[in-house]
Amino acid sequence: MDQENNIFQKTLEASRILSLLSEDKINKILDDLAMAAIKYTPEILEANQEDLDRMNPTDPKYDRLKLTEERLEGIASDLINVAKLDSPLGEVIAEKSLKNGLLLKKIRVPIGVIGIIYESRPNVTFDVFSLCLKTGNALLLKGGSDAHASNVSIVEIIHKVLKKNKVSTDIVGLLPANREATKALLHAVGFVDMIIPRGSQGLINFVRENAKVPVIE
């Protein structure tokens with residue numbers, strides 16, 4: 001629990017710097033990560049093979065777990081596409097003038113710290129990082145044990161890119177692949193603003209029933 005609390009605290013503190021990042025800086029990080037996904041393809045595939053070697057090839061999750069050069073090229077393309085999107089931050093989505101002359105505006109702002117609980121899809125690690133960075137949110141990842149070696153490798157590459165761009169690596173943290181870490185994340189009131197489960201209906205139901213933090217399905 002102490003290990004998780006330390007990660008939670010660091011991520012919470014790092015989330016406050018995200019509002020200081022310019023749109024150009026965020027897009028450069030995403031573009032750099034796209035290039036890194038290609039550059040470090042051998043390392044990612046080696047880690048992914050460790051995970052594959054522990055799974056029966058007849059398991060339906062095997063193909064979801066598997067990464068290939070072609071899939072990593074697709075992931076890199078997706079990262080570039082996210083970088084090209086307009087930033088949603090600061091967008092005025094509604095405004096209203098009151099009779100007394102007061103102008104009210106509803107503006108898009110970051111949520112803060114988002115926890116993602118997901119199963120054997122290591123591509124999700126890239127996906128959710130790109131979307132959270134683009135929207136100014138820090139990220140806590142809780143992947144399944146099936147994909148842990150892959151997720152560790154991918155997060156290490158994300159951290160390299162963040163260091164290159166002089167941004168704190170604490171804006172994205174990977175929790176241990178055990179049930180204790182899942183429980184800690186679900187109960188991380190005060191550290192995590194929202195949890196999003198990605199996976200089976202069983203996982204979604206478990207998160208919904210046990211989380212003390214708001215959940216979006």
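Biologist: Is Lys166 buried or exposed?

Modeller: We start from relative accessible area: under 20% is buried, over 50% is exposed, and partly exposed lies in between, with a 1.4 Å probe and protein chains only. Lys166 has a relative accessible area of 77%, so Lys166 is exposed. Before we go on, this is a predicted model, in which local features need pLDDT of at least 70 and side-chain atom pairs count only at pLDDT 80 or more, while totals for chains, interfaces and linings use all residues. Residues are numbered from 1 along each chain as its sequence is written, and side-chain values use heavy atoms, leaving out hydrogens and water.

Biologist: Where is the place of Lys166, and what is its phi?

Modeller: Here is the general idea. Most residues other than glycine have a negative phi. Lys166 is not a glycine, yet its phi is positive, about 60°. You will find Lys166 in the loop between helix H7 (148-164) and strand S5 (172-174). Helices (H or I, at least four residues) and strands (E, at least two) are DSSP runs, numbered from the N terminus.

Biologist: Happy with that! How many aromatic pairs does a search of the whole structure find?

Modeller: Again, the idea comes before the case. A pair of aromatic rings is described by the distance of the centres and the angle of the planes. Rings of Phe, Tyr and Trp (its six-membered ring) pair if their centres lie within 6.5 Å; planes under 30 degrees apart are stacked, over 60 edge-to-face, and the rest tilted. Searching the whole structure gives one aromatic pair. That pair is Phe8 with Phe191, tilted, at 5.9 Å centre to centre and 40° between the planes. The two partners are 183 residues apart and link distant parts of the chain: Phe8 sits in helix H1 (residues 2-15), and Phe191 in the loop between helix H8 (179-186) and strand S6 (194-198).

Biologist: Is Phe8 buried or exposed?

Modeller: Phe8 counts as buried because its relative accessibility is 1%. Phe191, at 21%, is partly exposed. Phe8 and Leu139 show another contrast between sequence and space: they are 131 residues apart in sequence, and 9.7 Å apart in space, C-alpha to C-alpha.

Biologist: Now charges, please. How many salt bridges does the count come to?

Modeller: The rule asks for a side-chain nitrogen of Lys or Arg within 4 Å of a carboxyl oxygen of Asp or Glu. By this rule, the count is six salt bridges. One of them joins Asp32 and Lys164, whose closest N and O atoms are 3.7 Å apart. This pair also links distant parts of the chain, as Asp32 in helix H2 and Lys164 in helix H7 are 132 residues apart. Asp32 is buried at 8% relative accessibility, whereas Lys164 is exposed at 54%.
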